[in-house]
Amino acid sequence: MIWGANMKLEELKTGFWGYKKFSVYQYITALEEQFSAKLLEKDEEHRQLLEQERQRVRQLEEELSTLRQQYEAQKNDQLMIANTLMEAQRYAELLKAQTDEQAQIAKQQLAEAVAQRDQDLQRYDARLQQLRDLFRSMLQEMDASSAQLVLELEHVKSEVPDQNMSLFHRKPELVV
């Protein structure tokens, strides 16, 4: 009989004092070989599983690293966008302040121009009033002078008898 991995307890040879030592040793050796082979198989399976799990861990670590890089890139993009928005908001506020300041300056300049124009118009109005007064006084003086001349002319006519006054008469066609 061949002693191998499939040896059974019934196959042990018995002797006068029980089982034969050699047969027991062979049985134990066969069991050890069976268990060693199974243990080697299990070790190989565990080693393969461990290697698979290590590969899976490496793959997950690579994915984690990639995701971290993507996260950092997105975080940087978000920070850049937030900074850009904040700068745009500050710039808009600055432009609004400048526009308000320019509008205030333009309003002040317009008010000054209107005030200057009002002053000019008041000066022109005063000058026109002076001219009106001057023309009125001139017309009054001319009217008074013409009335005086009319009186003097009547006085002269009354003092001068009807002498040859034809030289002083006007010809109607020469009247301008």
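Predicted model: local features only at pLDDT ≥ 70, side-chain atom pairs only at ≥ 80, totals over all residues.

Trainee: OK, so is Arg 47 buried, exposed or partly exposed?
Mentor: Arg 47 counts as partly exposed, because its relative accessibility is 47%.

Trainee: And which residue does Arg 47 form a salt bridge with?
Mentor: With Glu 44, and the closest N and O atoms are 2.4 Å apart. A salt bridge here is a side-chain nitrogen of Lys or Arg within 4 Å of a carboxyl oxygen of Asp or Glu. Glu 44 is also partly exposed, at 33% relative accessibility.

Trainee: How far apart are Glu 44 and Arg 47 in helix α1?
Mentor: They are three residues apart, so about one helical turn separates them. Helices are DSSP runs (H or I, at least four residues), strands likewise (E, at least two), and both are numbered from the N terminus.

Trainee: How many salt bridges turn up in the whole structure?
Mentor: Five. One of them joins Asp 100 and Lys 96, at 3.7 Å from N to O. Those two are four residues apart in helix α1, again about one helical turn. Lys 96 is exposed at 54%, whereas Asp 100 is partly exposed at 42%.

Trainee: Switching topic, what order do the elements run in?
Mentor: From the N terminus on, the order is β-β-α, with one helix and two strands in the chain.

Trainee: How much of the chain is buried?
Mentor: Buried residues are 4% of the 176 in the chain. The accessible surface is about 16,800 Å², and carbon and sulfur atoms account for 57% of that. Areas come from the Shrake-Rupley method with a 1.4 Å probe, and for residues only the protein chains shown count as cover.

Trainee: Which residues form the nonpolar patch on the surface?
Mentor: Leu 128, Leu 131, Leu 134, Phe 135, Met 138, Leu 139 and Met 142, with about 690 Å² of accessible area together. Patch residues have over 30% relative accessible area and no salt bridge; like charges are joined within 9 Å, nonpolar side chains (Val, Leu, Ile, Met, Phe, Trp, Tyr) within 5 Å.

Trainee: Where does Met 138 sit?
Mentor: In helix α1, which covers residues 21–159. Met 138 is partly exposed, at 37% relative accessibility.

Methods:
Residues numbered from 1 in each chain as written. Heavy atoms only, no water. Buried < 20%, exposed > 50% of the residue type's maximum accessible area, 1.4 Å probe, protein only.
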